[in-house]
Amino acid sequence: ADSYQSENFEEGGSGTELAYNGLLLDFHKFSTGAKSENLLNRSLEKALKANKYVPDLVCGPEGELPEPPEYVSYGDQREAASYAIHLHAAWNKLDGARDWLSLQRHRL
């Protein structure tokens with residue numbers, strides 16, 4: 001899974017889910033010393049370009065997640081809501097990931 005995600009992410013990937021899952025994986029690698037901060041920052045920039053609304057939802061309180069949207073459009077708030085609803089827990093499980101993302105979310 002790691003190599004599949006890395007290959008597709010480097011080729012531009014397929015949207016917000018791939019970009020933010022790649023970022024989460026890269027944060028894990030960074031936290032274990034297997035990835036440089038420079039590469040982590042590049043991954044963050046790609047994720048923010050894919051959808052700038054995700055960090056606010058992922059970093060917000062779990063009880064305040066929106067209802068699942070009926071449809072989504074690439075890069076919009078509904079797509080961010082869909083991602084946050086489905087993968088909020090993954091960001092919670094990795095120590096420090098949400099705190100780090102919260103500090104980084106205003107970079108664009």
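This is a predicted model: local features need pLDDT of at least 70, side-chain atom pairs count only at pLDDT 80 or more; totals for chains, interfaces and linings use all residues.
1. Overall make-up. The protein chain holds six helices and zero strands. Read from the N terminus, its elements follow the order α-α-α-α-α-α. Of the 108 residues in the protein chain, 37% are buried. Among contacts with a separation of 6 or more, 64% are between residues 24 or more positions apart.

2. Helix α2 against helix α3. Helix α3 covers residues 37-50, and its axis comes within 9 Å of the axis of α2, with a crossing of roughly 160°. An angle over 145 degrees counts as roughly antiparallel, and α2 is therefore placed in that class relative to α3. The crossing of α2 past α3 is left-handed. On the α2 side the contact is made by T16, A19, Y20, G22, L23, D26, F27 and F30. On the α3 side the residues are E37, L40, S43, L44, K46, A47, L48 and A50. Sorted by class, this contact has ten nonpolar, three polar and three charged residues.

3. Helix α2 against helix α5. Helix α2 spans residues 16-31 and helix α5 spans residues 77-93; their axes are 10 Å apart and the packing angle is about 25°. Since angles under 35 degrees count as roughly parallel, α2 and α5 are described as roughly parallel to each other. The crossing of α2 and α5 is right-handed. T16, E17, Y20, N21, L23 and L24 of α2 make the contact with E79, Y83, L87, A90 and W91 of α5. By class, seven nonpolar, two polar and two charged residues take part in the contact of α2 with α5.

4. Helix α5 against helix α6. Here the axes are 6 Å apart and the packing angle is about 105°. The range for roughly perpendicular is 65 to 115 degrees, and α5 and α6 therefore fall into that class. The contact is made by H88, W91 and N92 of α5 together with A97, R98 and L101 of α6. It has three nonpolar, two polar and one charged residues by class. W91 of α5 is also listed in the contact of α2 with α5.

5. Aromatic pairs. Two such pairs are found in a search of the whole structure. In one of them, the ring centres of Y20 and Y83 are 5.7 Å apart and the ring planes are at 45°, so the pair is tilted. Y20 belongs to helix α2 and Y83 to helix α5, so this pair ties together parts that are 63 residues apart in sequence. Y20 has 0% relative accessibility and counts as buried. Y83 has a relative accessible area of 5% and is buried.

6. F27 is in helix α2, and W100 is in helix α6 (residues 97-104), so the pair ties together parts 73 residues apart in sequence. F27, at 6% relative accessibility, counts as buried. W100 is buried, and its relative accessible area is 13%. F27 is also among the α2 residues in the contact with α3.

7. T16. This residue is in helix α2. At 2% relative accessibility, T16 counts as buried. Leaving aside residues up to four places away in sequence, T16 touches A50, N51, V54, Y74, E79 and Y83.

8. E67. This residue is in the loop between α4 (54-58) and α5. E67 counts as exposed, with 67% relative accessibility. The C-alpha atoms of E67 and R78 are separated by 9.6 Å, and the two residues are eleven residues apart along the chain.

Terms used: Residues are numbered from 1 along each chain as its sequence is written. Side-chain values use heavy atoms; hydrogens and water are left out. Axes are lines fitted to C-alpha atoms, for helices over the stretch in contact, and angles run from 0 to 180 degrees between N-to-C directions. Helices (H or I, at least four residues) and strands (E, at least two) are DSSP runs, numbered from the N terminus. A crossing is left-handed if the near helix is turned anticlockwise from the far one by less than a right angle, and right-handed if clockwise. Contact means heavy atoms within 4.5 Å. Ala, Val, Leu, Ile, Met, Phe, Trp, Tyr, Cys and Pro count as nonpolar, Asp, Glu, Lys and Arg as charged, and the others, Gly among them, as polar. Rings of Phe, Tyr and Trp (its six-membered ring) pair if their centres lie within 6.5 Å; planes under 30 degrees apart count as stacked, over 60 as edge-to-face and the rest as tilted. Buried means under 20% relative accessible area, exposed over 50%, partly exposed in between (1.4 Å probe, protein chains only).
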